[in-house]
Structure formats: structure tokens, C-alpha cells
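Me: I would like a close look at a single part of this model. Please keep to what can be read from the coordinates.

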Amino acid sequence: MIDRLQTIFKNAEVSIADAADFKSIDDIRVKYLGKSGELTEILKGLNQVSADLRPQVGKVSNEIKNKIAELLDQKKEDLDSKVNQSAIPGWDPTLPGRKSVIGKMHPLMTVQKEIADIFKNLGFDVAEGPDLETDYYNFLALNFPPDHPARDAQDTFYVKNRVLRTHTSPIQVREMEKRKPPFKFIAPGRVYRNEAIDATHHHIFHQVEGFLVDEGVQFSHLKGVLDVFIKKFFGAEVKTRFRPSFFPFTEPSAEMDISCVFCKGEGCRICKQSGWVEMMGCGMIDPVVLKNCGIDDEKWTGFAFGMGVERIALFKYGIDDIRLFYQNDIRFLDEF
Ligand code: DAH
């Protein structure tokens, strides 16, 4: 009996190995394991086997039944994968997978958000204004004399009787007109200038404006706030310094420098060996601007500042060409 079982198994093994399609596999399954298949018949007839042999015959039959079922499943899987591979012409399953490109924040927007978050944590609110401005908000209310060179057609894009804002400072005027002090705002936005494009200039770029109006605001408050911002953004070891400058809408005006983040103030190519790099313009809001916005300049004083997002991003990431931010080269953008 055991011999017969072994023979059945050998025969099944050979036919499974020879089977070349799903139909043959099904036939073999029926032949051995089906309702009246060879093995099933033996198992059905177990009660006729003598009692002493019965357990062994039962055990071996079951083992063989399982093995055949296993071999059949295995063969079916082999055939399956062959069919899948040959069904798609030119499909090579050994090639590496294709990476899907997932969108993410542009590095300039990441930097703008980081700047905004620091000021928001200092209690500043966020304001926005239109890209297409009137001459009044972009220039006149900010105390630009009518013959100021920044109004020159070289710098400003004119669109009919409007201008594409050349800076985010008009948002100061729009907000101050609407509010009663005290208040403090930051105002991020895109700005436009009619400039030739090179490694450090672009006709579209981004600024973050900031302004605060309250009673008794002094230049030292401005210094304190900007110093905290720079240390939060670039690191506690970075130093700030303020140099006298001129802007029509601030008096006094200053330019804030930071110690070079590349050479830690030692002097390098980027800071032209000076150890310092220019970061942003700032100053005390000119009383004329406060008056233009209907704010009592006897009672209230304020400070303002404006920084270029591209410039800050260049320093943060150690990039030396602003144009990279606008080329949409996925290899560049992927590095952030
Ligand atoms: N609006 C100036 C510019 O685009 C930057 C600036 C300087 C903004 C001083 C300010 C400021 O608010 O106080 O060059």
C-alpha cells in the first residue's frame, strides 16, 4: 500500500514538473486530489485497510496529498509570474523603480515663512497689500519727493496709471491708515523692479516689511527686535551692527549688517574680507509718514524695517546666484 502511495507521488511530481499551462495544472489536481482522484480514493478506502497498517497509511496519504497540493500551488505561481512578465512588451522587472516627484515648499517660501514665524512669536501680526499699487502708496505717502530717482522709469514698472510695487513699504501706509496705534505688523510680499537680471538682481523678488507704532518707541527698541530676529534666524553667535543710511520714509535711517555667516566675521570672498554683510534697511518711521496716515506724531513713534527674502535665503543656504530660485530646476529645488 505504501509503495503504491509512493508511486502515485512520483507520477504526480513528474506530471507537475511537465505541466506547461494552467489547464494541465487543474487536470493534475483533479486526477490526484479531486473527489474521485487517486489519493482521495485511497483515503476513502482506509477503513478497508487492516487496523495495524491504517494509521501509517493514513499518515503517508495525507503527507503526499499536502505535498502534491504544495507543488501544484508552486507551479501555478511560477506560471503566473511568467505570464505577467511576458504580457507587457518591453517590461523588464529587474529595472529599478521610477521615483515619483512629490511637490513641496519652494525654498524662498520656506525662508519667508521662517522669518514670519519668528516675528509672529514676538507678537507681530501679518498684513498683505496689492502687487499693483498707486503712486500714492508706493511713493508719495512714503515721503518720496516727486523727483526721487527711485521713481525713474528705469526702476519702476508702470502699468497704465499704476505701478508694480517696488517694495513692501506701501503696506505700512495701507495698514497704518486703517488702524489705531499701538500695533506691530510684518508684511511679506513680492516686489518688482525694472532691473537687468544677474547673480544678485532679479526683476521680481520678495521682501518682508516690518513696522511697529507705540508710545515711547525708540531706536534701541528697533535694534533689540532685529538683533533677536537675526540670532533666532542665523544663530546666537551672529552679531549685528547699524550704520547710518537714508530712506525717505524713516528718520533716522540705518542699514543693519550682520557678521558674515560664512567666515564667522574673519573675512572671506562673500563679505569682501570685511567680516560683515548688509542685511536690511530700517529706521524710525518719519513723522511725515505717520501724519500722512492720520496718526498723531506727537503722541506716537514707531520703527520700520525691510529685508530681501532672496538675500537672506542666499546666506542661509550658501548659494551665490539668485537666478537659481527662478529656474524651476527640479535638481536644485530637490536639495531643500
Ligand atoms: N523699502 C526699502 C527698499 O525696498 C527697504 C526698507 C528700508 C524698508 C527701511 C523699511 C525701512 O521699512 O525702514 O529698499
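What is the strand order of the open sheet of seven strands, and what kind of pairing does the sheet have?

Reply: The model is a predicted one. In the open sheet of seven strands, the order is E1-E5-E6-E10-E9-E8-E7, and the pairing is mixed. At the edges are strand E1, residues 125–126, and strand E7, residues 240–247, each of which pairs on one side only. Strands in a sheet are joined through backbone hydrogen bonds, and these may be parallel or antiparallel.

E6 and E10 run antiparallel to each other and are linked over eight bridges.

Helix H8, made up of residues 219–234, lies across E7, strand E8 (250–259), E9 and E10. Its direction makes an angle of about 145 degrees with E9.

Several strands of the sheet also reach the ligand. At least two residues of the shell come from each of strand E6 (204–214), strand E9 (276–285) and strand E10 (301–308), and helix H7 (169–178) likewise supplies at least two. There are 15 residues around the ligand, and those that come nearest are His167, Ser169, Arg193, Gln207 and Glu209. Sorted by class, the shell consists of eight polar, five nonpolar and two charged residues.

A side-chain N or O atom of Arg193 is 2.9 Å from an oxygen atom of the ligand. For Gln172, a polar side-chain atom lies 3.2 Å from a ligand oxygen. Ala304 takes part through its backbone, with an N or O atom 3.2 Å from an oxygen atom of the ligand. On its own the ligand has 350 Å² of accessible area, of which the protein covers 89%.

There is also an open sheet of three strands, with the order E2-E4-E3 and antiparallel pairing. Its edges are strand E2 (132–133) and strand E3 (158–159); each has a single partner strand, so one side of each has no neighbour in the sheet. E3 pairs with strand E4, residues 162–164, in the antiparallel sense over two bridges. Here Val159 has Arg162 in E4 as its bridge partner.

Notes: Residues are numbered from 1 along each chain as its sequence is written. This is a predicted model: local features need pLDDT of at least 70, side-chain atom pairs count only at pLDDT 80 or more; totals for chains, interfaces and linings use all residues. Side-chain values use heavy atoms; hydrogens and water are left out. A residue is near a molecule or strand if one of its heavy atoms lies within 4 Å of it. A polar contact is a pair of N or O atoms within 3.5 Å; within protein, one must be able to donate a hydrogen and the other to accept it, and residues adjacent in sequence count only if both atoms are side-chain atoms. Accessible areas come from the Shrake-Rupley method with a 1.4 Å probe; for residues, only the protein chains shown count as cover. Helices (H or I, at least four residues) and strands (E, at least two) are DSSP runs, numbered from the N terminus. Ala, Val, Leu, Ile, Met, Phe, Trp, Tyr, Cys and Pro count as nonpolar, Asp, Glu, Lys and Arg as charged, and the others, Gly among them, as polar. Two strands pair if DSSP finds at least two bridges between them. Contact means heavy atoms within 4.5 Å. Axes are lines fitted to C-alpha atoms, for helices over the stretch in contact, and angles run from 0 to 180 degrees between N-to-C directions.
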